[in-house]
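Reader: I would like to learn how to read helix packing and backbone angles in a model such as this one. Could you take me through it step by step?

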Amino acid sequence: MKINGFSAAERQKRYRGCRPLGKKAHRKEAEIVPDVDERGLPALDTFSGLVLALTALSGELPAALVSRLPASDTYKEYAVKQLKRDSLLRTFYRDGVRGLRLTAAAKRLLVECWPDQFLPYLSGSTETNQLKSEITRRLRLHRMAEVLVTMLNADVSVLPWEKPALFSPAPPDDLTALDRPAYYSSREVKELGAQAVKVRGSRSTGVLLAGDHAFPIYNTGSSQMKWEDKAELRLKALLEMELCQTRLPAQLKQTKQAAIIFASDMGQMAPLVGVDKHHSCFVLSREFEPFCYLPSDHHGEVILQLLCDPGEKAVLDGILQKGFKPPRLGDRERRHRW
């Protein structure tokens with residue numbers, strides 16, 4: 001009997017030395033054999049296919065980011081090891097930063113199997129194909145990958161082939177798929193062509209369309225990011241003219257803009273609100289106000305889901321706008337007061 005196109009002998013040869021997924025030895029063999037085609041590539045709707053797709057879209061996927069993807073820890077560990085055994089994925093470690101990159105064989109197979117999806121990312125001199133080893137460039141790729149995973153976990157469309165090509169030179173007429181929140185990376189925004197040159201200096205990783213809002217997305221990671229007010233102002237103007245007024249359907253012409261900033265912790269909040277006078281805080285000027293500051297973890301994903309749902313967001317805003325009773329003084333405060 002064949003499972004996923006492989007006989008028992010073929011599966012034994014292909015997966016020799018692999019550990020089972022769970023603690024129980026009687027777990028079905030079909031559960032530990034990923035769906036693969038005749039070329040040895042996993043299907044894109046499997047976990048292994050998702051890892052390959054995210055790595056292709058981001059260029060380099062932070063190794064620690066795999067833990068945030070949807071699957072059991074045991075399976076994720078197994079799947080990544082299997083991709084490495086199949087010479088589709090490799091680890092790149094330098095300057096204390098560990099990431100996952102596609103092998104040359106993986107790039108070739110992805111382009112051969114799905115040229116429409118991966119050719120723009122895995123050909124020519126694109127940043128995701130001609131990877132650099134400089135730490136600044138790698139951290140930029142990692143920050144973009146973090147946003148992709150956060151959006152994915154918040155049920156936002158991130159894969160280019162699952163949403164309308166809104167920023168292509170000839171956008172599609174059917175935009176019904178925009179009923180679901182969709183995230184467009186900065187590389188997709190650059191498909192505008194000559195217009196995108198105006199926002200080359202922007203620090204945005206992309207733009208999220210959700211409800212009646214367009215959210216330019218930023219990710220400072222664990223360090224402060226230098227902002228350029230003029231570049232971000234040009235980005236806002238570009239989105240207003242090319243997106244809100246031109247490419248979106250009539251019912252979305254009144255789309256408003258509000259920035260979302262991701263960070264690894266709350267430590268980056270102080271510079272953004274102007275505590276650090278030597279740091280530019282564009283978000284408090286006329287460019288993007290208000291803005292949302294979210295952590296790059298599960299808590300940020302939950303809040304992002306609320307922001308993407310106008311009904312739930314309205315309920316949350318109503319709760320936060322209610323009057324609260326003054327705090328009750330504890331024993332220590334009472335003694336201090338007297």
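This is a predicted model: local features need pLDDT of at least 70, side-chain atom pairs count only at pLDDT 80 or more; totals for chains, interfaces and linings use all residues.

Reader: At what angle do helix 2 and helix 6 pack?

Author: Two packed helices are described by the angle between their axes and the distance between the axes. Here helix 2 (residues 47–58) and helix 6 (residues 135–153) pack at about 135°, with axes 9 Å apart. That makes helix 2 oblique to helix 6 (angles under 35 degrees count as roughly parallel, over 145 as roughly antiparallel, 65 to 115 as roughly perpendicular and the rest as oblique).

Reader: Which residues of helix 2 and helix 6 meet?

Author: Leu50, Leu54, Leu57 and Ser58 in helix 2 meet Leu141, Ala145, Leu148, Val149 and Leu152 in helix 6, where contact means heavy atoms within 4.5 Å. The residues of this contact divide into eight nonpolar, one polar and no charged.

Reader: What is the phi of serine 87, and what is that of aspartate 95?

Author: Most residues other than glycine have a negative phi. Serine 87, in the loop between helix 3 (73–85) and strand 2 (89–94), has a positive phi of about 60°. Aspartate 95, in the loop between strand 2 and strand 3 (97–102), has a positive phi of about 55°.

Reader: How exposed is serine 87, and how exposed is aspartate 95?

Author: Serine 87 is partly exposed at 43% relative accessible area, whereas aspartate 95 counts as exposed at 53% (buried means under 20%, exposed over 50%, partly exposed in between, with a 1.4 Å probe and protein chains only).

How values were computed:
Residues are numbered from 1 along each chain as its sequence is written. Side-chain values use heavy atoms; hydrogens and water are left out. Axes are lines fitted to C-alpha atoms, for helices over the stretch in contact, and angles run from 0 to 180 degrees between N-to-C directions. Helices (H or I, at least four residues) and strands (E, at least two) are DSSP runs, numbered from the N terminus. Ala, Val, Leu, Ile, Met, Phe, Trp, Tyr, Cys and Pro count as nonpolar, Asp, Glu, Lys and Arg as charged, and the others, Gly among them, as polar.
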